[in-house]
Amino acid sequence: MNLLDKNDALSLARLRDVLIRLEDTIIFALIERAQFKLNASTYQCGVYDYENGYKGSFLGYFLHEMEKVHSRVRRYTSPDEYPFTQPLPTPILPDLEFPPTLHTNNINVNIAIMDRYLQDIVPKICSAGDDLNYGSSATRDVECLQALSKRIHYGKFIAEAKFMDPTQQAIYIRLIKAKDREGIMELLTNRTVEAALLRRLRRKAMIYGHDITENGDIVLDQETHDKKISPDVVVDLYERFVIPLTKEVEVQYLLQRLDGWQAPVSTGTS
């Protein structure tokens with residue numbers, strides 16, 4: 001996605017392409033994390049001592065250190081990137097002049113993403129136990145969290161593109177003024193698209209979760225039918241978490257969309 005081009009950033013067709021690619025990113029990130037044990041100690045506070053007096057978990061420490069490096073190369077100046085930690089250093093690279101694509105907002109749902117990831121996702125994809133691969137598993141955790149965050153916060157771009165649709169804008173404005181969350185959610189929802197997404201995810205997880213021969217055949221262990229990741233887990237992740245939280249971001253964004261905004265003056269003549 002070229003966010004330096006406003007027309008590109010608000011094209012629903014381009015947004016769908018981005019979200020489909022992020023499906024691949026998320027599935028592969030989950031597969032990579034699943035190769036390690038749960039390693040619960042990396043999520044517990046106070047296990048290790050840190051020079052700066054940090055008292056949180058190893059994952060929290062590692063994530064902050066990673067985000068400090070990413071911040072220096074201006075990752076979080078991009079409108080589609082949202083950090084989990086603060087404070088972060090200023091970039092060493094000069095600012096890019098992104099066009100004003102999104103309406104000013106303060107939405108960041110990374111706390112909810114982190115909570116759900118640790119409480120619900122990791123225990124489902126990882127075997128219980130401790131294999132001592134703390135650095136490796138934390139690296140994979142960060143990749144999963146960043147991919148999920150990017151996908152979910154793309155809800156802002158989806159909401160903006162739908163709001164700017166001239167055939168729907170008057171309806172959105174009416175619902176926003178009435179603070180009708182349920183009405184906005186219903187207008188945003190396309191159940192046919194969601195059902196197709198879940199079918200596509202299941203197929204991808206089935207394919208990516210197995211080895212493939214040179215002839216393109218999926219290799220199944222004849223005794224255990226072991227998979228790198230369960231398609232049911234991937235589908236459940238999207239159905240109960242990714243899709244609902246993305247739509248919650250969309251609703252929150254739209255409820256702030258009229259703040260300080262003036263509708264364009266019509267130049268038509270009667």
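Glu248 is located in helix 10, which covers residues 231-255; helices (H or I, at least four residues) and strands (E, at least two) are DSSP runs, numbered from the N terminus. The model is predicted, so local features need pLDDT of at least 70 and side-chain atom pairs count only at pLDDT 80 or more, while totals for chains, interfaces and linings use all residues. Residues are numbered from 1 along each chain as its sequence is written, and side-chain values use heavy atoms, with hydrogens and water left out.

**Overall architecture**

- The chain has 10 helices and zero strands, and its elements run α-α-α-α-α-α-α-α-α-α from the N terminus on.
- Taken along the principal axes, the box filled by the C-alpha atoms of the chain is roughly 75 × 50 × 35 Å.
- Of the 270 residues in the chain, 43% count as buried; buried means under 20% relative accessible area, exposed over 50%, and partly exposed in between, with a 1.4 Å probe and protein chains only.
- Among contacts (heavy atoms within 4.5 Å) between residues at least 6 apart in sequence, 72% join residues at least 24 apart.

**Helix 10 and the segment after it**

- Not counting residues up to four places away in sequence, Glu248 touches Arg181 and Met185.
- Glu248 and Leu145 are separated by 103 residues in sequence and by 18 Å in space, C-alpha to C-alpha.
- Gln256 belongs to the segment after helix 10.
- With residues up to four places away in sequence left out, Gln256 touches His103, Thr104, Asn105, Asn106 and Ile107.
- The side chains of Gln256 and Asn106 are joined by a polar contact of 3.1 Å. A polar contact is a pair of N or O atoms within 3.5 Å; within protein, one must be able to donate a hydrogen and the other to accept it, and residues adjacent in sequence count only if both atoms are side-chain atoms.

**Packing of helix 7 with helix 8**

- The axes of helix 7 (residues 169-177) and helix 8 (residues 181-188) come within 8 Å and cross at roughly 155 degrees. Axes are lines fitted to C-alpha atoms, for helices over the stretch in contact, and angles run from 0 to 180 degrees between N-to-C directions.
- Helix 7 and helix 8 are therefore roughly antiparallel to each other, a term for angles over 145 degrees, whereas those under 35 count as roughly parallel, 65 to 115 as roughly perpendicular and the rest as oblique.
- The crossing of helix 7 past helix 8 is left-handed, meaning that the near helix is turned anticlockwise from the far one by less than a right angle; clockwise would be right-handed.
- Helix 7 contributes Ile171, Tyr172, Leu175 and Ile176 to the contact, and helix 8 contributes Gly183, Ile184, Leu187 and Leu188.
- These residues of the contact divide into seven nonpolar, one polar and no charged. Ala, Val, Leu, Ile, Met, Phe, Trp, Tyr, Cys and Pro count as nonpolar, Asp, Glu, Lys and Arg as charged, and the others, Gly among them, as polar.

**Backbone features in the loops**

- Pro87 is placed in the loop between helix 3 (58-72) and helix 4 (110-125), and the peptide bond from Gln86 to Pro87 is cis, with omega near -5 degrees.
- Arg74 is also found in the loop between helix 3 and helix 4; its phi is near 60 degrees, a positive value in a residue other than glycine.
- Arg74 counts as partly exposed because its relative accessibility is 21%.
- Lys179, in the loop between helix 7 and helix 8, has a positive phi of about 55 degrees although it is not a glycine.
- Lys179 is exposed, because its relative accessible area is 64%.
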